[in-house]
Every structure is written in structure tokens, then in C-alpha cells.
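This note sets out points for a colleague who is examining the model shown below. Please read it with the sequence and the coordinates at hand.

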Amino acid sequence: QVQLVESGGGLVQAGGSLKLSCVASTSIASFVAMGWYRQAPGKQRESVATISSGGSTNYADSVKGRFTISRDNAKNLLYLQMNSLKPEDTAVYYCNAKRLSTGSVVNYWGQGTQVTVSS
């Protein structure tokens with residue numbers, strides 16, 4: 001059973017920075033992609049940033065230039081560096097990992113970490 005555990009959330013003022021971490025219970029090299037998603041109250045969960053096993057990254061337009069996703073395969077860690085935070089970044093942030101299994105994609109999720117940005 002794969003477990004993903006996020007940390008690093010908290011309360012920060014607008015313009016500040018936070019770095020989220022996600023540690024996996026297994027080698028992250030086995031995942032075809034990993035990413036960060038977020039869900040604000042009353043809204044659907046949305047993709048924030050993703051990174052493939054080859055290192056290719058994608059970002060939501062709303063966070064481009066402010067957030068950076070990275071992974072450390074040796075430590076089984078996924079990171080999200082968030083700079084120039086805005087109140088609209090307030091949400092629960094979830095770590096996601098995708099693995100291919102018999103032709104289908106299996107998704108794993110962490111429990112989430114709260115990020116609150118005050119104005």
C-alpha cells in the first residue's frame with residue numbers, strides 16, 4: 001500500500017513563501033508522474049503542478065512563475081516551492097502519484113496540508 005504524507009503547510013501573509021513536501025512510502029521512481037493539487041472551499045480540486053518521471057513539468061497558469069515543483073528520487077520526496085503567495089492560493093494542497101498497472105493508471109493521494117494566505 002502506497003502512502004503519501006504532506007507537510008509544510010501553514011499560515012503566511014500575502015507575498016510570502018512556503019515549501020511543501022511529500023514523502024512516499026515507496027520508491028517514487030516507480031511513479032510515471034507526481035503532482036500537487038489543491039482544493040479551496042466550495043471549489044473542485046485542481047491541478048497545480050505536475051512532474052513526470054523524466055523530469056518534465058507542467059504548471060497551472062495561475063501559478064506559473066511563482067511555484068516550482070521538484071522531486072528527489074533518492075529521498076522519495078516531492079516538493080512544491082511556493083513564492084509570492086496570494087490569498088487566492090488558500091486551499092488544501094494534496095500530493096498525487098500515478099502508477100501504471102495493467103494498462104490503467106492508479107492514483108494515490110496524500111491526506112492534504114492546509115495553506116492559508118492572509119491579505
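The numbered points below cover the basis of the note, the sheet, the core, the aromatic pairs and some single residues.

1. Basis. The model is predicted, with local features requiring pLDDT of at least 70 and side-chain atom pairs counted only at pLDDT 80 or more, while totals for chains, interfaces and linings use all residues. Residues are numbered from 1 along each chain as its sequence is written, and side-chain values use heavy atoms, with hydrogens and water left out.

2. Open sheet. Four strands form an open sheet in the order S1-S3-S8-S7, with antiparallel pairing. Strands here are DSSP runs (E, at least two residues), numbered from the N terminus, and two of them pair if DSSP finds at least two bridges between them. Strand S1 (4-7) and S7 each have a single partner strand and stand at the edges, so one side of each is left without a neighbour in the sheet. From one strand to the next, the twist averages 15°; axes are lines fitted to C-alpha atoms, and angles run from 0 to 180 degrees between N-to-C directions.

3. Pairing of S3 with S8. These antiparallel strands are joined by six bridges. Within this part of the sheet, Cys22 stands opposite Leu78 in S8. Ser21 also belongs to strand S3. At 18% relative accessibility, Ser21 counts as buried (buried is under 20% relative accessible area, exposed over 50%, partly exposed in between, with a 1.4 Å probe and protein chains only). Not counting residues up to four places away in sequence, Ser21 touches Val5, Glu6, Ser7, Trp36, Leu78 and Tyr79, where contact means heavy atoms within 4.5 Å.

4. Pairing of S7 with S8. Six bridges also join S7 to S8, and the two run antiparallel. Arg71 stands opposite Leu78 in S8. The covered face of S7 carries Phe67, Ile69 and Arg71, whereas Thr68, Ser70 and Asp72 are on its uncovered face. S7 and S8 form a hairpin with four residues between them, and Asn76 in the turn has a positive phi of about 55°. Asn76 has this phi although it is not a glycine.

5. Nonpolar core. The largest nonpolar core has 30 residues, and those with the most contacts inside it are Leu4, Met34, Trp36, Leu80, Met82 and Tyr93. Such a core is a set of buried Ala, Val, Leu, Ile, Met, Phe, Trp, Tyr and Cys residues joined through side-chain atoms within 4.5 Å. At least two residues of this core come from each of strand S3 (18-24), strand S4 (33-39), strand S5 (46-52), strand S7 (67-72), strand S8 (77-82), strand S9 (91-101) and strand S11 (113-118). Leaving aside its neighbours within four places in sequence, Leu80 has contacts that include Leu18, Leu20, Trp36, Val48, Phe67, Ile69 and Tyr93.

6. Which aromatic pairs does a search of the whole structure find? There are two, where rings of Phe, Tyr and Trp (its six-membered ring) pair if their centres lie within 6.5 Å, with planes under 30 degrees apart counted as stacked, over 60 as edge-to-face and the rest as tilted. Phe31 and Tyr108 form a tilted pair, 6.2 Å centre to centre with 50° between the planes. Phe31 lies in the loop between S3 and S4 and Tyr108 in strand S10 (residues 104-109), so this pair ties together parts that are 77 residues apart in sequence. Phe31 and Tyr108 are both buried. Tyr37 and Trp109 form an edge-to-face pair, at 5.0 Å centre to centre and 70° between the planes. Because Tyr37 lies in strand S4 and Trp109 in strand S10, the pair ties together parts that are 72 residues apart in sequence. Tyr37 is buried, with a relative accessible area of 14%, whereas Trp109 is partly exposed at 36%.

7. Arg45 and two rings. Arg45 lies over the face of Tyr94, at 3.7 Å from the ring centre. Arg45 also lies over the face of Trp109, at 4.6 Å from the ring centre. The criterion places NZ of Lys or CZ of Arg within 6 Å of the ring centre and within 35 degrees of the ring normal.

8. Loop residues. Ser84, in the loop between S8 and S9, has a positive phi of about 50° although it is not a glycine. Ser84 is partly exposed, with a relative accessible area of 41%. Thr102 lies in the loop between S9 and S10 and is exposed, with a relative accessible area of 82%. The C-alpha atoms of Thr102 and Asp61 are separated by 33 Å, and these residues are 41 apart along the chain.
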